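Thanks for making time this morning. I would like to walk you through one model, and I will give the cut-offs as each term comes up.

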Amino acid sequence: MGPVLAGVLQLLALIVALALAYTPLGTYMARVYSSDRHWRVERWIYKGIGADPDTEMRWPAYLRGVLAFSAAGVLFLYLLQRLQGVLPLSLGFRSIDPDQAFDTAASFVTNTNWQSYYGEQAMGHVVQTAGLAVQNFVSAAVGIAVAVALVRGFARSRTGELGNFWADMVRGVVRVLLPGAFLAAIVLVACGVIQNFSGIHEIGQFMGGAQQWNGGAVASQEAIKELGTNGGGYFNANSAHPFENPTPFTNLFEIFLLLVIPFALTRTFGIMVGSVRQGYALLATMATIWVGFVALMMWTEFAHHGPALQIAGGAMEGKEVRFGVGSSSIFAVSTTLTSTGAVDSFHSSFTGLGGGITMLGIMLGEIAPGGTGSGLYGMLIMAIVAVFIAGLMVGRTPEYLGKKIGTREIKLAACYILVTPALVLVFTALAMALPTPAHSMTNGGAHGFSEILYAYTSGANNNGSAFAGLNADTQWFNTTIGLAMLLGRFLPMVFVLALAGSLAEQRPVPVTAGTLRTEKPLFTGLLVGAILIITGLTYFPALALGPLAEGLAS
Amino acid sequence: MNNSVANIARLMGAGLRALLVLTLLTGVIYPLAVTGVAQALFHHTANGSQVRADGGVAGSSLIGQQDYSLDYFQPRPAKGLGVNSVNTRYRLILSGATNRSADNPELIAWVKQAKAEVVKENSTAGYQVEPSQVPADAVTSSGSGLDPDISPAYAGLQIHRVAERNHLPVARVEKLVEDHTQGRTFGFMGEPRVNVLELNIALRELAQGDG
């Protein structure tokens, strides 16, 4: 069997696994967010918070919950890093500098997990386990909560009430992420991922001498890092590190973990709006883009254009032998089409076009299938835009799922899709215009520009992967990428929740012969087109200067 | 105004309490529970899949090592590997890739140089390695810098050199490589590979046994 066929079979195996999980997980999550019963452990948590989980919130209250909880997260994580030098169980590691601590706190709270630090030399047990890994859970749960609030906006009518933020967030952690991560962590340990608290210790080597190893709670963090589409590695090499991702099976398993919730949420959505076929239409849109991108990536990586790769005889720079080109391509596409940003191979050393595909995946807004929750609400925003475009074509007031898409709704959707491109392009332009940021580049020419474009694309879209040649641990990058991550996460959430509130207040419009059938393949086609054209046009000039210039030259 | 300040304070208090409770659950109880199960059921893997040779620990079967002498099979290059720049009381391995782009002049030079070295080192009196035989993994750095494996093609290329230097028949070393070649998992996952540390441990045993 050749590597190309093996790559295709791995993709098919992944599709089968995701398909098997789709219905049970999607249905389960719909029950989780619709149930009015509380588990005992949840009642304890609500008591600890001092919140009544049965109080319905209108969108401003829901938003205030999101922001207060996230602000507390940034503050807590910042302090934990600043105090590391005096904390116990921290291996004697020194405290993190203020700019890097801000960047890292913003990064993990926004579900980005951009890392300007080296995990193995900078972060001790307490920061990794009680700081970073905690945000892996809760930032993902916040994303799902906001998505569920928007879905309720479609499902409910003549009310402004969107549910209770604390209940949605806590249930996401307790009923979805925690059990899933626990099982996944055990599977990972069984396959070779480490899980111990032995700190830094010496291990003998074959030729004599010793090497120093970091022990740590790696498997427990790895599991939620993928399941919550976070992506922050325990080690600098992330999922390329054999202690995070030891075998070809764990590689596919980790890809499965990072895709399973975002895909299954389309079923949760379908059930909650009363038509699973509406969910299938979104699923088909996501799957089309994902499979298409994987096919393109495999094509360019197996073709290995680019001088160094041609001389080497294959695109193995930055890739591990146990994964090879095929499995690495699937991982790269899946991590950039979700908000994960974990890597099992280093995107900077991909072919020029391959690197461009990873960047374009993030630029699409991470909606195919996207991050936990953020993928679904991002896709719903694009669905509204697609419905609006279709409405313009036939001269009819657009409606989606029985709700009119009026001036207020389309304004909010437009604001949503403008935020991240504005952040990416303005910050990239600033960094290129100033004299010092370019000193951080490792590569020259088009690829050097790509390093900076990728950094802000990754930050503003909350992905976290990088063209990692860029030395991002400077005050400029720590500050501006930190800001891009915060604005790129929470401004869109403001628009999503405002939109949810406005939809929930409407009364439903009856379906007539003139209603656009949004559960049909025609709409899926329209949606795929709208996503590619709107994003493609926004970023095309920037892509032409970076990855396209590099890719077409080789 | 006072009212809104009080409201914000109350809300931030709730946020902070929520965070602390969930930190206890997901940042303390969860990792300890996973560690408990992992140490009880998977003690070997949870502690780094250590491999023993000659009565001592020779490393981990998962972590590639760099400084094998030419008597042994060579791993992939690891130009992205570093040592720690902070907390320097330790000497930690910093995993990582080169992050050089496909058109980076430095990377082109590294690949060319590695290719020439592989050809030179592995050509023996009776066996000439052609540059076209050198597989990509032999001249490129992995993503982690800790890749424990090489491709069967790269291992095959080294057989004559290793056999000559260890005074072993080529067929014996060929057999050794064959025995240590792992196919794709379930026939289709990942790529075929040879674990360098395990292969070299077996080689040393073979050479010492014959010596």
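What you see is a predicted model, in which local features need pLDDT of at least 70 and side-chain atom pairs count only at pLDDT 80 or more, while totals for chains, interfaces and linings use all residues. Residues are numbered from 1 along each chain as its sequence is written, and chains are lettered from A and ligands numbered from 1 in the order in which they are written.

Chain B holds 6 helices and 7 strands, where helices (H or I, at least four residues) and strands (E, at least two) are DSSP runs numbered from the N terminus. Their order along the sequence is α-α-β-β-β-β-α-β-α-α-β-β-α.

As for dimensions, the C-alpha trace of chain B spans about 90 × 45 × 40 Å along its principal axes. Its radius of gyration is 25 Å, whereas a compact globule of 211 residues would have one near 17 Å; the radius is taken over C-alpha atoms, and the globule rule is 2.2 Å times the number of residues to the power 0.38.

Turning to the partner, the contact involves 101 residues from chain A and 86 residues from chain B, two residues being in contact if their C-beta atoms, placed from the backbone, lie within 7 Å. Several elements of chain B each supply at least two residues to the side that touches chain A, among them helix H1 (2–41), helix H3 (105–122) and helix H6 (196–210). H1(B) gives the most to that side, with 21 residues.
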